[in-house]
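Please keep the sequence and the model in view while reading.

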Amino acid sequence: MAHTYEELHKMTVAQLREVAKGIEHKAVQGYTQLHKEQLLLAICDALGVDPHEHHEVVGINKSKVKAQIRK
């Protein structure tokens with residue numbers, strides 16, 4: 001099952017440990033002793049998920065604003 005960083009970030013520690021239980025990877029060894037942030041990064045590493053939040057800027061058209069400034 002493919003996960004995104006946003007989905008994983010919203011999960012509780014218990015849910016993340018359930019996900020880690022099904023992963024056979026060196027990064028998640030000892031997952032029961034990891035805190036949420038450490039576990040999140042380990043799971044992202046094991047699954048190949050980009051561990052950074054990406055956001056979309058809405059409502060700004062950069063080229064349009066630059067054109068208005070030039071006028």
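## Surface and charge

What does the accessible surface of the chain come to, and what percentage of it belongs to carbon and sulfur atoms? In this model, which is predicted, the accessible surface of the chain comes to about 5,800 Å², and carbon and sulfur atoms account for 53% of that area.

Charged side chains in the chain number 10 positive and 9 negative, and the centres of these two sets are separated by 13 Å.

## Overall form

The secondary structure consists of 4 helices and 0 strands, so that, with helices counted as DSSP runs of at least four residues, the chain reads α-α-α-α along its sequence. The C-alpha trace spans about 60 × 20 × 20 Å along its principal axes, and the radius of gyration of the chain is 18 Å, whereas a compact globule of 71 residues would have a value near 11 Å.

Of the 71 residues in the chain, 24% are buried. When contacts between residues at least 6 apart in sequence are considered, 44% of them join residues that are at least 24 apart.

## The nonpolar core

The largest nonpolar core contains 16 residues, and within it Leu8, Val28 and Ile43 have the most contacts. Two or more residues of this core are given by each of helix 1, helix 2 (13–21) and helix 3 (36–47), with helix 3 providing the largest share, namely 6 residues.

Leaving aside residues up to four places away in sequence, Val28 touches Ala20, Ile23, Ala42, Ile43 and Ala46; one of these partners, Ile43, is itself listed with Leu8 and Val28 as having the most contacts inside the core.

## Two residues toward the start of the chain

His3 is found in the segment that precedes helix 1 (5–10). Is this residue, His3, buried or exposed? His3 counts as buried because its relative accessible area is 14%, which falls below the 20% limit used for that class. Beyond residues up to four places away in sequence, the residues that His3 touches are Leu8, Met11, Val19, Leu47 and Val49.

Glu6 lies in helix 1 and is classed as partly exposed because its relative accessible area is 35%, a value between the 20% and 50% limits. Although Glu6 and His52 are 46 residues apart in sequence, their C-alpha atoms are 9.0 Å apart in space.

Key. Residues are numbered from 1 along each chain as its sequence is written. This is a predicted model: local features need pLDDT of at least 70, side-chain atom pairs count only at pLDDT 80 or more; totals for chains, interfaces and linings use all residues. Side-chain values use heavy atoms; hydrogens and water are left out. The radius of gyration is taken over C-alpha atoms; the globule rule is 2.2 Å times the number of residues to the power 0.38. Buried means under 20% relative accessible area, exposed over 50%, partly exposed in between (1.4 Å probe, protein chains only). Contact means heavy atoms within 4.5 Å. Accessible areas come from the Shrake-Rupley method with a 1.4 Å probe; for residues, only the protein chains shown count as cover. Lys and Arg count as positive and Asp and Glu as negative; His and the chain ends are not counted. The place of a charge is taken as NZ of Lys, CZ of Arg, CG of Asp or CD of Glu. A nonpolar core is a set of buried Ala, Val, Leu, Ile, Met, Phe, Trp, Tyr and Cys residues joined through side-chain atoms within 4.5 Å.
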